[in-house]
Amino acid sequence: MNFPKVLIPLVVETTKEDIGAKNYIRSTYTNRLTERGLLPVFASAQMSDEMLDSLLDESSGALFPGGWDIDPKYFGQEPH
């Protein structure tokens with residue numbers, strides 16, 4: 001069967017201190033996607049541009065899971 005793919009970018013740490021660190025996504029994300037007949041596909045920044053482009057071309061959409069908030073100072077704003 002050919003299921004619509006949903007790309008899920010994952011951040012993978014690359015510093016020496018983070019070697020061996022595990023990266024994960026909550027199962028609720030993947031459960032909801034598969035319940036709706038969608039195939040989660042994971043991607044990381046360590047993939048080449050060609051690999052990422054290929055995944056994007058084959059994907060029906062992308063899911064950017066939650067995480068830490070982005071510091072508003074990067075946008076010239078104050079936290080509130």
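Leucine 39 lies in strand 2, which covers residues 39-44 (strands are DSSP runs of E with at least two residues, helices are runs of H or I with at least four, and both are numbered from the N terminus). With a relative accessible area of 36%, leucine 39 is partly exposed (buried means under 20% relative accessible area, exposed over 50%, and partly exposed in between, with a 1.4 Å probe and protein chains only). Leucine 39 and lysine 5 are 34 residues apart in sequence, yet their C-alpha atoms are 4.6 Å apart in space. The model is a predicted one, in which local features need pLDDT of at least 70 and side-chain atom pairs count only at pLDDT 80 or more, while totals for chains, interfaces and linings use all residues. Residues are numbered from 1 along each chain as its sequence is written, and side-chain values use heavy atoms, with hydrogens and water left out.

Turning to the overall layout, the protein chain contains two helices and three strands. Read along the sequence, these elements follow the pattern β-α-β-α-β. Of the 80 residues of the chain, 15% count as buried.

Proline 9 is partly exposed, at a relative accessible area of 28%. From proline 9 to alanine 45 the separation is 36 residues in sequence and 7.9 Å in space, C-alpha to C-alpha.

The structure holds three salt bridges (each a side-chain nitrogen of Lys or Arg within 4 Å of a carboxyl oxygen of Asp or Glu). In one of them, the side chains of lysine 5 and glutamate 58 meet at 3.9 Å, N to O. Lysine 5 belongs to strand 1 and glutamate 58 to helix 2, so this pair ties together parts that are 53 residues apart in sequence. Glutamate 58 is partly exposed, with a relative accessible area of 45%.

Glutamate 35 also takes part in salt bridges. With arginine 32, its closest N and O atoms are 3.8 Å apart; both residues lie in helix 1 (residues 27-35), three residues apart, about one turn of the helix. With arginine 36, glutamate 35 forms a salt bridge whose closest N and O atoms are 3.7 Å apart. Through these shared partners, Arg32, Glu35 and Arg36 are joined into one network. Glutamate 35 counts as exposed at 55% relative accessibility, and arginine 36 counts as exposed at 58%. Arginine 32, by contrast, is partly exposed, with a relative accessible area of 43%.

Serine 59 lies in strand 3, which spans residues 59-62. Serine 59 is buried, its relative accessible area being 16%. A polar atom of the serine 59 side chain lies 2.6 Å from the backbone oxygen of leucine 55.

Helix 2 (residues 49-58) also includes aspartate 57, an exposed residue with a relative accessible area of 68%. Asp49, Glu50, Asp53 and Asp57 form a negative surface patch. Patches are made of residues with over 30% relative accessible area and no salt bridge, with like charges joined within 9 Å and nonpolar side chains (Val, Leu, Ile, Met, Phe, Trp, Tyr) within 5 Å. The place of a charge is taken as NZ of Lys, CZ of Arg, CG of Asp or CD of Glu.

A nonpolar patch is also found on the surface, formed by Ile70, Tyr74 and Phe75, with about 430 Å² of accessible area together (areas come from the Shrake-Rupley method with a 1.4 Å probe, and for residues only the protein chains shown count as cover). Isoleucine 70 has its place in the segment after strand 3, and counts as exposed at 61% relative accessibility.

Definitions and conventions
Lys and Arg count as positive and Asp and Glu as negative; His and the chain ends are not counted. A polar contact is a pair of N or O atoms within 3.5 Å; within protein, one must be able to donate a hydrogen and the other to accept it, and residues adjacent in sequence count only if both atoms are side-chain atoms.
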